[in-house]
Amino acid sequence: MDIAHLGPRLAPLAPALDGIHQYNDALRRIRTEPRGPGTPQVLLVDNRRDHASNVARLAELHQPAHGRIVVRPTPGGSSRPIMGLDLLTALGINPELLRKKGGQLNSQSWRLAQAWMHGHGVTELLVDRAHDLPAEIVADLAGLAAAAGARLWLVWSADTSAEKVLTALADTDRSVALLYLPDFHELLEPVTAPYRRQRAPGPGDDTAPLPALPAADFTTFRAACHRLLSRRDFARVDGLYCHTADTVDQWIRHRLPDSGPPALDDIAGPLAAWLRDVHLGPHPAPLALLRLRATQAALFGHGLLLRWNPARLGPDPAGRLPGTLTEQTVTNLTALPRTDHAAVTALSLHLNKGAAYLNCWQIGDLSDDADMLHPRPSHVHRHPVYASEPVYQDELADVGVDEQPCTQPVILPPYTRPILAAHRAYRLAEGATPADDLFWYLTASRTRPDSAILREAVILSCRRLNLDPPWMHRSPCRNGADTGLRPRIHGWLAERGLTLHELDRDLAQQITDRHTRWIRPAAHQ
């Protein structure tokens with residue numbers, strides 16, 4: 001090809017090679033169809049003068065939350081494991097955690113980097129000072145970016161020829177475009193809009209701060225609010241209260257359309273999962289308390305008693321109602337390089353369960369968006385040994401719900417998507433299929449099953465994050481038992497002092513007939 005089409009300053013950078021797009025045509029395609037067929041996805045940026053302004057520009061373009069990462073290769077690093085560690089560092093992951101006891105770097109760094117790129121949804125991979133990299137490493141980066149669906153930007157900051165790199169890229173059938181530095185600044189600008197991981201507010205959501213709510217039980221909560229709050233605050237609180245009660249009523253009627261009070265065995269599991277994932281868990285403490293009281297009143301009208309014991313939750317019981325897996329915790333988890341450790345710890349913190357039931361899912365049970373785990377149609381799992389102990393059975397009878405997460409859909413918070421998506425990508429890269437286990441270990445055996453390995457992974461990850469969940473304490477630890485010296489049952493409801501009970505059928509029928517007269521004001525009947 002005629003290298004004059006590449007521009008007068010780009011001609012010394014790249015000799016004439018087949019497969020390199022002409023400058024004007026490539027620039028037009030990138031502007032009009034950046035992801036279209038035939039558009040170059042490997043872009044070599046001429047920065048031979050090594051402008052200082054470009055350093056600041058690359059710092060602005062490093063926005064992992066928006067799918068953009070800037071990789072700064074380690075000087076002298078010329079192997080895939082070292083480049084894998086550089087990629088992990090750019091993704092905000094601590095590479096030192098990959099060191100083994102012997103001091104050797106983990107050889108899985110490249111595959112882990114590829115998995116985390118899938119998890120974070122990287123669309124733009126920028127490599128600073130690409131002239132320091134061997135041609136084969138650049139070709140590997142091009143293949144890595146193609147597998148992740150990302151464009152590869154190579155910032156060439158030396159007055160040397162890129163012939164070897166371009167030849168290696170041509171061998172991988174990757175189309176390449178050569179750009180000036182002004183073109184680079186024009187085509188890729190920093191994203192200024194904030195990135196929202198949380199769900200958008202929906203009906204019944206009130207983002208304004210709530211007034212201090214009374215500590216009355218659900219039977220007198222509305223009356224206490226009417227007596228203690230100002231007229232304006234009560235109108236706002238009561239509107240949220242009534243909307244929440246309506247939501248509970250609709251959910252029960254949709255779940256069990258038959259008339260009459262629902263049976264505890266039919267409603268306990270789905271209700272616990274719904275409270276955890278949708279109704280209570282995602283909301284902050286003051287709003288969660290308000291929704292809890294309205295939920296208790298609505299369930300009582302259906303013959304179910306959701307009892308809350310705040311005395312066992314410390315000085316701020318309302319602060320224990322929201323979910324344990326916060327966005328900051330997930331951010332800390334994404335700093336762990338191993339996808340299995342991060343994923344199983346996120347599930348344990350979200351479900352408030354140990355590792356006994358976390359090895360029941362298959363890869364295909366994870367939704368495409370990696371935000372939901374579907375229940376298995378039918379499978380048999382080994383119950384933990386402690387489940388058969390009399391103390392555990394007595395506690396289970398008190399709680400009323402045996403939370404087995406693999407029997408109900410698990411809706412994960414939106415900000416956990418990178419972790420589960422990264423682990424799925426890693427398992428598929430190992431050659432697994434959707435019918436294979438989501439968590440699988442070659443070293444598992446009858447004496448040390450997968451659940452034992454997962455348990456140690458959760459304990460290790462929590463220790464690194466300075467977390468101490470009571471459901472992960474080693475037996476026979478009684479710390480955090482909250483009720484004397486009896487170890488409590490593991491589960492989301494139990495960690496919040498919630499128990500579910502079925503009322504007498506005759507009493508429940510009488511309450512059902514008249515509950516609208518006292519749960520809601522007259523305008524909502």
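A residue counts as buried when its relative accessible area is under 20%. In this predicted model, Cys 462 has a relative accessible area of 4% and is therefore buried. Cys 225, at 2% relative accessibility, is likewise buried because this value lies under the 20% cut-off. A disulfide is a covalent bond between the sulfur atoms of two cysteines. The search of the whole structure for such bonds returned zero disulfides.

Gly 491 is placed in the loop that runs between helix 16 (450–464) and helix 17 (492–495). With a relative accessible area of 0%, Gly 491 is buried. When neighbours within four places in sequence are left aside, the contacts of Gly 491 are with Leu 351, Asn 352, Lys 353 and Glu 403. The C-alpha atoms of Gly 491 and Gly 354 are 8.7 Å apart in space, while the two residues are 137 residues apart in sequence.

Aromatic rings were examined next. A pair of aromatic rings is described by the distance of the centres and the angle of the planes. Four aromatic pairs were found in the whole structure. One of these is formed by Phe 221 and Tyr 241, with 6.1 Å from centre to centre and 20 degrees between the planes, and is stacked. Phe 221 belongs to helix 8 (residues 221–228) and Tyr 241 to helix 9 (residues 231–255), so this pair ties together parts that are 20 residues apart in sequence. Both Phe 221 and Tyr 241 are buried. Trp 251 and Trp 274 form another pair, which is stacked because the ring centres are 4.8 Å apart and the planes stand at 10 degrees. Trp 251 lies in helix 9 and Trp 274 in helix 10 (residues 264–279); the pair therefore ties together parts that are 23 residues apart in sequence. Trp 251 and Trp 274 are both buried.

The largest cavity holds about 30 Å³ of space. Its lining consists of Pro 73, Thr 74, Gly 77, Ser 78, Ser 79, Ile 82, Met 83, Asp 86, Leu 133 and Ile 137. Helix 3 (residues 80–90) gives the most to this lining, contributing three residues. By residue class, the lining of the largest cavity comprises five nonpolar, four polar and one charged residue.

Conventions
Residues are numbered from 1 along each chain as its sequence is written. This is a predicted model: local features need pLDDT of at least 70, side-chain atom pairs count only at pLDDT 80 or more; totals for chains, interfaces and linings use all residues. Side-chain values use heavy atoms; hydrogens and water are left out. On a 1 Å grid over the protein atoms alone, a cavity is a set of points where a 1.4 Å probe fits but cannot get out, and a pocket is an open set with protein on both sides within 12 Å along at least five of seven lines; lining residues have an atom within 4 Å of a point. Grid points are joined across faces, edges and corners, and a volume is the space filled by probe spheres set on the points. Helices (H or I, at least four residues) and strands (E, at least two) are DSSP runs, numbered from the N terminus. Ala, Val, Leu, Ile, Met, Phe, Trp, Tyr, Cys and Pro count as nonpolar, Asp, Glu, Lys and Arg as charged, and the others, Gly among them, as polar. A disulfide is a pair of cysteine sulfur atoms within 2.5 Å. Buried means under 20% relative accessible area, exposed over 50%, partly exposed in between (1.4 Å probe, protein chains only). Contact means heavy atoms within 4.5 Å. Rings of Phe, Tyr and Trp (its six-membered ring) pair if their centres lie within 6.5 Å; planes under 30 degrees apart count as stacked, over 60 as edge-to-face and the rest as tilted.
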